[in-house]
Each structure stands twice: as C-alpha cells, then as structure tokens.
Amino acid sequence: MKNRGIFVLSLLSLSLLTSCNNVTSLSIDEINNYVSSLNDVAYDTYSYVGRGNGLDIEVDISANNATLSETDTSVFAMLPLKLQEEGFYEVDEDGNIISSCTYFQIYSRVVDSSSGAGNGVFGSRINDEGYLEFYTFNAFNTLSVNNVNLQPVSVSARFNISYIYNKDGYLVYELIESANYGKDDNSRTYHLECEYTYA
C-alpha cells in the first residue's frame with residue numbers, strides 16, 4: 001500500500017512537471033524575422049540601474065549617460081546590449097550553430113546544457129509590449145555573474161531568467177533570480193535585475 005501511494009504521488013508530480021513545461025516558444029525563423037525587422041535606430045548613450053541581493057550578494061549599481069559602443073554588454077550576464085541581424089544566428093556547413101553568434105551567446109548564458117536534457121524550460125516570446133524576451137523557468141544552471149563583488153561570482157541554483165530586447169533591438173531588462181526567490185530567506189536565494197534606457 002505504501003508503494004502504491006508513492007507511485008501515485010510520483011505520477012502526480014510528473015503530470016504537474018509536464019504541464020509546467022508545456023510552453024509555446026518562438027521558432028528560430030520567427031526570432032530571425034523579429035531581429036531582421038528591428039527599427040533602424042542608433043543611440044549614443046545608455047543608463048542603467050542594477051540591484052540585487054542573496055547569498056553572498058548585495059548589489060546597487062548604476063550609470064547615467066555612459067557612452068554606448070557595439071561591444072558593450074549587460075551588467076550581470078555580459079550579453080550584447082544590441083541585437084543586430086548580421087551575426088545573430090549562423091550555422092556551419094553541417095547545420096550546427098556557430099558559437100560566436102549572438103543567439104548562441106544568449107542561449108548558452110540562459111541554459112546550462114551540461115546539466116542534461118529536460119532541464120527546466122527555455123523559451124522566447126513576444127511580450128505584451130511587442131518586445132522580444134528570452135527566458136528560462138526553473139532551470140538548473142551555474143552562472144558566472146559580474147558586477148556583484150570585485151570579481152565575477154559563480155552561483156548555482158534553479159533559476160528563472162529573463163532578457164528583454166525592445167523593438168530597436170536594445171536590451172531593456174535583465175533578470176536572474178533563483179526559483180526559490182520570495183519563498184525562502186534572502187540568505188538562501190539570488191535576485192539580480194537591471195533596467196536599461198537609451199538616448
């Protein structure tokens with residue numbers, strides 16, 4: 001009888017997990033179409049406000065009207081601040097994605113492929129504002145996070161991650177938080193977010 005109860009609980013857990021992982025995501029063609037239709041706008045400066053807390057992390061960082069260059073990256077994940085059609089998604093002659101392309105950089109920062117298949121949810125969508133969002137939900141990852149101490153910090157947890165790019169192709173929001181954020185004491189969680197504006 002005890003084994004049957006465990007079996008029923010296991011089926012229930014599997015059913016809930018499967019339903020949570022049922023996510024509609026954009027295809028790579030839809031993402032490429034979005035990137036190729038970005039507004040042709042160039043900004044000279046950007047500002048950001050980043051904050052965060054958690055296990056061994058306390059962050060309050062900002063900049064106003066910093067000069068913007070093509071090589072600038074996001075505060076925490078070091079992702080490109082600007083999506084560009086050229087070099088966004090490239091494959092080699094065998095159809096394998098080239099690791100230097102922007103899409104691969106985003107994917108590899110969000111998903112830890114070394115932890116195995118079925119690891120949480122990775123997806124992309126167009127949000128209510130018409131912005132392109134890359135996200136994970138409850139995915140195990142070991143991240144190297146910048147600008148939280150004097151050197152990059154390696155953090156391991158199940159994460160909810162979101163990177164949002166506007167219709168001009170610029171990153172406007174970056175979120176990295178452990179899945180237990182808001183449920184457990186801050187000393188056992190991670191929460192980092194940064195908002196960006198451009199002029």
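A pocket here is an open set of points on a 1 Å grid over the protein atoms alone, with protein on both sides within 12 Å along at least five of seven lines; its lining residues have an atom within 4 Å of a point. Keep that in mind for the first stop.

The model is predicted, so local features need pLDDT of at least 70 and side-chain atom pairs count only at pLDDT 80 or more, while totals for chains, interfaces and linings use all residues. Residues are numbered from 1 along each chain as its sequence is written, and side-chain values use heavy atoms, with hydrogens and water left out.

**Stop one: the largest pocket.** Select V41, K82, L83, Q84 and Y170: of the 19 lining residues, these lie nearest the centre of the largest pocket.

**Stop two: the whole fold.** Now colour by secondary structure to find three helices and seven strands (DSSP runs, numbered from the N terminus: helices are H or I of at least four residues, strands E of at least two). Along the sequence they run α-α-β-β-α-β-β-β-β-β.

**Stop three: helix α2.** Select residues 28-36. Which residues of α2 are buried? They are I31, Y34 and V35 (buried means under 20% relative accessible area, exposed over 50%, partly exposed in between, with a 1.4 Å probe and protein chains only). Look down the axis of α2: the buried residues fall within an arc of 95°, taken from the directions from the helix axis to the C-beta atoms, so they line one face. On the other side of α2, D29 and N33 are exposed.

**Last stop: the neighbours.** Show α3 (102-110), β3 (121-126), β4 (132-145) and β5 (153-165), which the buried residues of α2 pack against (contact means heavy atoms within 4.5 Å).

Methods: On a 1 Å grid over the protein atoms alone, a cavity is a set of points where a 1.4 Å probe fits but cannot get out, and a pocket is an open set with protein on both sides within 12 Å along at least five of seven lines; lining residues have an atom within 4 Å of a point.
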